[in-house]
Amino acid sequence: MSILNDVPKQLFIGGTWADAADGATMPVDDPATGEILCHVADAGPKDARLAADAAVEAQDGWARTAPRERSEILRRAYEIIVSRTGELALLMTSEMGKPLAEARGEVAYAAEFFRWFSEEAVRIDGGYGVLPDGRNRMLLMRRPVGPCLLVTPWNFPLAMGTRKIGPAIAAGCTMVLKPAPQTPLSSLALAGILKEAGLPDGVLNVVTTSRAGEVVEPLLTGGRIRKLSFTGSTRVGRLLLAQCADAVVRTSMELGGNAPFIVLDDADLSAAVDGAMTAKMRNMGEACTAANRFFVHRSVADEFGRRLAERMGALVVGPGTRDGVDVGPLIDEAGRAKVEELVADAVERGARVLVGGVAPDGPGRFYPPTVLADVDPGSRLMETEIFGPVAAILVFDDEDEVVRRANDTPWGLVGYVFTQGLDRALRVSERLEVGMVGVNTGLVSNPAAPFGGVKQSGLGREGGRVGIEEFLEYKYLAVPLR
């Protein structure tokens, strides 16, 4: 595979590629076969310090760079990504498993963050005002927050990088990027693209590592990193928040979800099933936005379940590189084992398997699309992010009941509501304790929209006009008139 051979396997620090200081490497495997694709550098604490050194050294000069120059770098990177869609999609599928069609979709989604923030870079503004006493003037300016640590997950290895890197570049911040150890290759390819697009040395530094604790904690407690942007589990997010406390590091976090998918009695069932397929099966269900709990009105539950099982059962499971495949492997054995345990628990509590439910024999981390009906509310998958292709259906009888049950969770990232009544859609959406709601749609992610949740699903927002705000500070100047 040419793209696999072309991607650097070293750390990217200060604009140069280098081995880990102690020479360590880590394997990257193909989740469809379990075979090792290659080895990449495995950074340790010394490498993390070098990356922070490079980011700190580059910060002042980068902050003074003209907004138009930052914008043009992002625009050039956008164009390069688009021109290499096929190669980047194949690389992503090889290390993460998603089908090539989905990988190409992610490449387009990832590129769009660079285009969006290239336009936002030149729109950073300030303000001027007369203070209440009439004798003083107030000048407001926006400044980059400073060197940032960006920690990205494995499930969207290219898009989660651009969603963080884009606003940081636009705002004038330097960065240390730590991608997930399962999918480092997309981030290394992205670093090469940004260098090609003209990003100055030291602005972006990439440390691939299997030793996250040894690398991340010293950066957060050392006092030089001023911002953490993290996407991952709520459990890890809590640990990182504690580590940020000593140096009062500014944070934004996109954490776990437990998305309710609500089908009211007046819903268009065809639209609801289409939405369910998107909300559940995008990325094989390995997404924080994936529908986790399907609340379906009792009057339409049987028909909805029948239609959804028919659609899910028709999906083709196999290696993501194979033509005609709809569902690739899960990321690793631990992920598949978790899905198997959650399904087994639900079945033991009385759930009916409408389709799927049994992992196939043979190599790879495959799990079939599965629909469960009559799920007991006490089942573990009702309180756990499934991160797999499993739709669990529960029935409800009235609107107040379903809102209460949907909100009965520590998480609040996204919810989905299907109804043909606009007033019902707005009423239920307003009552859901989530940061985003898909109304008659199973897809909410868009670079132009603010992405994020409430409760234990995170802090701050990514994307949209507010996405750059996470990387900017206000500075106020008091100017008296004499």
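**Note on cavities, pocket, domains and a helix pair**

1. The largest cavity has a volume of about 90 Å³. A cavity here is a set of points on a 1 Å grid, over the protein atoms alone, where a 1.4 Å probe fits but cannot get out. Grid points are joined across faces, edges and corners, and a volume is the space filled by probe spheres set on them. There are 7 cavities of 30 Å³ or more.

2. This is a predicted model: local features need pLDDT of at least 70, side-chain atom pairs count only at pLDDT 80 or more, and totals for chains, interfaces and linings use all residues. Residues are numbered from 1 along each chain as its sequence is written, and side-chain values use heavy atoms, with hydrogens and water left out.

3. The largest cavity is lined by 14 residues (an atom within 4 Å of a point). Nearest its centre are F156, M160, R163, C288 and F451. By class, the lining has 7 nonpolar, 4 polar and 3 charged residues. Ala, Val, Leu, Ile, Met, Phe, Trp, Tyr, Cys and Pro count as nonpolar, Asp, Glu, Lys and Arg as charged, and the others, Gly among them, as polar. Domain 1 and domain 2 each supply at least three residues of this lining.

4. The domain assignment (automatic or from a database) gives domain 1 (1–254 + 456–481) and domain 2 (257–437). Their centres, taken over C-alpha atoms, are separated by 31 Å. In contact (heavy atoms within 4.5 Å) are 26 residues of domain 1 and 29 residues of domain 2.

5. Where does the largest pocket lie? Both domain 1 and domain 2 give residues to its lining, so it lies between them. A pocket is an open set of points with protein on both sides within 12 Å along at least five of seven lines. This one holds about 1,100 Å³ of space.

6. The largest pocket has 38 lining residues, with W154, G232, S233, R235 and V236 nearest its centre. The lining has 18 nonpolar, 12 polar and 8 charged residues. α8 (212–221), β10 (227–231), α9 (234–245) and α12 (333–348) each supply at least two residues. α9 gives the most, with 6 residues. Helices (H or I, at least four residues) and strands (E, at least two) are DSSP runs, numbered from the N terminus.

7. In α13 (residues 399–407), E399, D400, V403 and N407 meet R424, R427, V428 and R431 in α14 (residues 422–431). By class, this contact has 2 nonpolar, 1 polar and 5 charged residues.

Technical notes. Axes are lines fitted to C-alpha atoms, for helices over the stretch in contact, and angles run from 0 to 180 degrees between N-to-C directions.
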